[in-house]
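Subject: Structure for your files

Hello,

Here is the structure you asked for. My notes on it follow below.

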Amino acid sequence: MPGRKTQTPDQKMPGRKTQTPDQMNPKRKRDRGLRQMANKKIPMRQCIGCHEMKAKKEMIRVIKTQEKEGGPCEILLDTTGRKNGRGAYLCPSGECLRAAIKNKGLERSFKMPIPKEVYEMLTKEMEEFET
């Protein structure tokens with residue numbers, strides 16, 4: 001074409017900036033490991049006694065184990081947070097356990113009626129944990 005200027009690839013076009021591969025494709029994560037460490041999320045859980053959202057590590061987990069060959073399911077305090085079973089979270093205070101008993105938070109979480117003996121056992125375990 002007459003009148004059209006052609007440039008060789010090594011010549012720079014005026015007013016055009018060169019871009020790095022990350023700028024060309026913003027979805028590309030070159031430093032992905034470093035970025036994730038800076039913005040790590042803290043898992044939050046709601047206490048069934050006081051209904052406050054707190055960090056998962058600050059809470060105590062109450063679990064309901066599955067029934068084993070016709071035997072009853074157990075409800076236990078899981079201070080490690082690693083045992084198998086359906087879990088509900090409590091603040092590490094006796095007040096929250098009493099509030100959960102009063103508002104039937106455990107019954108609602110586990111979708112089953114909970115006998116008084118279990119509540120008594122949980123209260124004793126919570127007192128031992130507090131001391």
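A residue is called buried under 20% relative accessible area, exposed over 50%, and partly exposed in between, using a 1.4 Å probe and protein chains only. By that rule Ile42 is exposed, because its relative accessible area is 59%.

Before the rest, two points on the source. This is a predicted model, in which local features need pLDDT of at least 70 and side-chain atom pairs count only at pLDDT 80 or more, while totals for chains, interfaces and linings use all residues. Residues are numbered from 1 along each chain as its sequence is written, and side-chain values use heavy atoms, with hydrogens and water left out.

Overall layout

The chain has 5 helices and 5 strands; these are DSSP runs numbered from the N terminus, with helices being H or I of at least four residues and strands being E of at least two. Read from the N terminus, the order is α-α-β-β-β-β-β-α-α-α. Of the 131 residues in the chain, 22% are buried.

Helix 3 (residues 94-102) and helix 5 (residues 116-130) have axes that come within 10 Å and cross at roughly 165°. Axes here are lines fitted to C-alpha atoms, for helices over the stretch in contact, and angles run from 0 to 180 degrees between N-to-C directions. Angles under 35 degrees count as roughly parallel, over 145 as roughly antiparallel, 65 to 115 as roughly perpendicular, and the rest as oblique. Helix 3 and helix 5 are therefore roughly antiparallel to each other. The crossing of helix 3 past helix 5 is right-handed, a term for the near helix being turned clockwise from the far one by less than a right angle (left-handed if anticlockwise).

Loops

Ile42 sits in the loop between helix 2 (32-38) and strand 1 (44-46). Its C-alpha atom is separated by 9.5 Å from that of Lys54, 12 residues apart along the chain.

His51 is in the loop between strand 1 and strand 2 (53-55) and is partly exposed, with a relative accessible area of 41%. Lys111 is in the loop between helix 4 (105-110) and helix 5; at 67% relative accessibility it counts as exposed.

The loop between strand 2 and strand 3 (60-64) holds Met59, and Glu58 lies in that loop too. Met59 counts as buried at 7% relative accessibility, whereas Glu58 counts as partly exposed at 49%. Met59 and Leu90 are 31 residues apart in sequence and 5.6 Å apart in space, C-alpha to C-alpha. For Glu58 and Arg45, 13 residues apart along the chain, the C-alpha separation is 9.4 Å.

The pocket

The largest pocket has a volume of about 200 Å³. On a 1 Å grid over the protein atoms alone, a pocket is an open set of points where a 1.4 Å probe fits, with protein on both sides within 12 Å along at least five of seven lines; lining residues have an atom within 4 Å of a point. Grid points are joined across faces, edges and corners, and a volume is the space filled by probe spheres set on the points.

Which residues line the largest pocket? They are Lys56, Lys57, Met59, Ile60, Arg61, Asp78, Thr79, Thr80, Gly81, Arg82 and Tyr89. The lining divides into 3 nonpolar, 3 polar and 5 charged residues, where Ala, Val, Leu, Ile, Met, Phe, Trp, Tyr, Cys and Pro count as nonpolar, Asp, Glu, Lys and Arg as charged, and the others, Gly among them, as polar.

Regards
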